[in-house]
Amino acid sequence: MIAGPRSRRVTVAGVRYALLIGAAVVLALPFGYMVSTSLKAHTLLLEYPPRLIPKSPTLDNYAQAWGANNFGRYFLNSASVAIATTVGTVLLASMMAYGFARFRFPGKGVLFGTVVVGLTIPTMLLIIPQFLLAKNLGLLDSLPGLVPFYVGTQIAFSTFLLRAFFEQIPMELDEAMIIDGAGAWRRYWNLAIPLSKPALATVAIFTFLGSWDEFVWALTVINDVSKRTLPIGIALFQGQHGTSWGLVFAASVIAVVPVIAVYVTFQRQLVAGLTNGALKS
Amino acid sequence: MTTTTPAIGSVTRTAPGGTDRRTPGSPRRRAGWAGLVFIVPGFALYLLVIGWPAVQALLISLRDYKITPGAESPWIGLANYTRALHDPVLARSFVNAGVYMLTTVPTQILIGLGLAVLLDTVLPGRTLFRVLFYLPVVTSWVVVSLLFQYLFATDHGVVNWFLVDVLGVVGHPVNWLGQRWTAMVAIGALGVWKGVGWSMLIFLAALTGVPRELHEAAALDGAGAWRRFKHVSMPFIRPTMVTVVILLVIGGFNVFTSVLLMTNGGPLDQTQVPLTYMYRQAFGYLDFGYGSAISFLLTGLVLVIAGLQYWWARRTADGGVK
């Protein structure tokens, strides 16, 4: 028996739960208040004292945000950009990682070093020259134009993570395929990719969430109201209608729900990816 | 990775397609170059949108950059940097970011570590708590910034209602976002609320690596919970602590979206932080040269501080062990 008499252990557990529940309430309350505000009719938004449970909840704000205020459009914009970014990043980063993990050629160290340096460059340092680059390439105010910049931003971290994973795949498997006459591309596509599904899933989730929530770059390069992604749609919407908090939060819930769904579903992969990255650095 | 002479049996260890110098022109050697085919597409994109802009950022900061087509952007040496050193608003923005960092980083670490310790046990509902604590981390900065703007609103704001009507500690509603330090309190509260889940998660992973037997042995020797934490767990999570502190310090100085959306640096530039000020200079006033110089000053400062922390952590760790 390490932990003293039974009654003491029960007390310890009670205190533990009390603290955890207290923290959970504090962390969850702002979300609760956001959802509650989004369910309040317009006239009740400025009620005082504030109430957490709306008196007569309504979905009007959601219908209005989705339809009249373009958020359905913004949702599709965000979704297509995020999906294109995810596909592009997973493909290009896994190819790059495979090249670094399985081949030797002169200059490989320099190339990989360049990728690693990219992990340390703050994204905001690049926003001015990236803006000028996008302008020169004619990619300003274009939804597809967001994708190469999002992929470029995500590719260093993704390559780094996948390379470590590929290196753990036993070389003997490759050799067996070589004996069967398989070329490099088939070994990548039929061996490395199927064996790396967990790592690829981690990269895909990080990339998807990162581009779904991306704000500053889209804010800077997108001008046309119909081309807005959800984050800038929400932020700038708030600017036009300073007091329509019910609509703002209905739109926010629409933007947050997919993130929470992805996170809750894949939280094991996400946690593994995060802690690996942080603990090994 | 090492290039020692191949020993017997090392043949199976070399990468398939690895360069085999004794048989030039063999399929193996050509396969080595095939690696480039895998790397080139991604690497080219990376060079274009990250590498090239990184070089450009430095060059732009040495110019009086004009965005108008056809206009010249003369080289002005370090003039943007000397201007920065004499800019009182920039100085204030660094002070604001420094204060934000110094207040939010220790708070996040204390709360995050506390929650991790509470969760580091066999406990029904453990995963539920972990997922819940992490929710603010995955929620977009835009959404939570607007949410906190609403919570800290002067009239009808929940925080004011709580302080005035429930606790009665202040007589009249506080204009949180309309003054420098109260605005920094609101922005800092958001930073802590959004960040604790992240440090909790990292610390929890580190605590899981502490061998149970060590705790049990210490408990048998009569060590209480606090002493077990200090002498058994802490040495194990020390490297994690170093990483977390460095990453949080970097993140603290780079605070941006919350400030942009909650105060936009106002009123009268009182709550500017380096990145909101940089963004204003670049995309508000189109002064790209000055904006780039501010970015570089911030990056340089952050690198120096992170480097010093790393060096200090290494030094004290060596001193402690040897």
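## Domains of chain B

Chain B is divided into domain 1 (25-61) and domain 2 (79-317), with bounds that come from an automatic or database domain assignment. This is a predicted model, in which local features need pLDDT of at least 70 and side-chain atom pairs count only at pLDDT 80 or more, while totals for chains, interfaces and linings use all residues. Residues are numbered from 1 along each chain as its sequence is written, and chains are lettered from A and ligands numbered from 1 in the order in which they are written.

The C-alpha centres of domain 1 of chain B and domain 2 of chain B lie 35 Å apart. Four residues of domain 1 of chain B are in contact with seven residues of domain 2 of chain B, a contact being a pair of residues whose C-beta atoms, placed from the backbone, lie within 7 Å. On the domain 1 side, the touching residues are three nonpolar, one polar and no charged, where Ala, Val, Leu, Ile, Met, Phe, Trp, Tyr, Cys and Pro count as nonpolar, Asp, Glu, Lys and Arg as charged, and the others, Gly among them, as polar.

## Helices of chain B

The secondary structure of chain B comes to 12 helices and zero strands; helices (H or I, at least four residues) and strands (E, at least two) are DSSP runs, numbered from the N terminus.

Helix α3 (residues 88-119) of chain B packs with helix α7 (residues 180-208) of chain B at an angle of about 40°, their axes being 6 Å apart; axes are lines fitted to C-alpha atoms, for helices over the stretch in contact, and angles run from 0 to 180 degrees between N-to-C directions. That angle makes α3(B) oblique to α7(B), because angles under 35 degrees count as roughly parallel, over 145 as roughly antiparallel, 65 to 115 as roughly perpendicular and the rest as oblique. The residues of this contact between α3(B) and α7(B) divide into 17 nonpolar, 10 polar and no charged.

## Chain B against chain A

Between the chains, 72 residues of chain B are in contact with 78 residues of chain A. Helix α1 (residues 27-61) of chain B supplies the largest share of the chain B side, 21 residues, and that side as a whole divides into 49 nonpolar, 20 polar and three charged residues.

## A:Pro30

A:Pro30 lies in helix α1 (residues 6-38) of chain A and, leaving aside its neighbours within four places in sequence, is in contact with B:Leu147 and B:Leu151.

Note on methods
Two residues are in contact if their C-beta atoms, placed from the backbone, lie within 7 Å.
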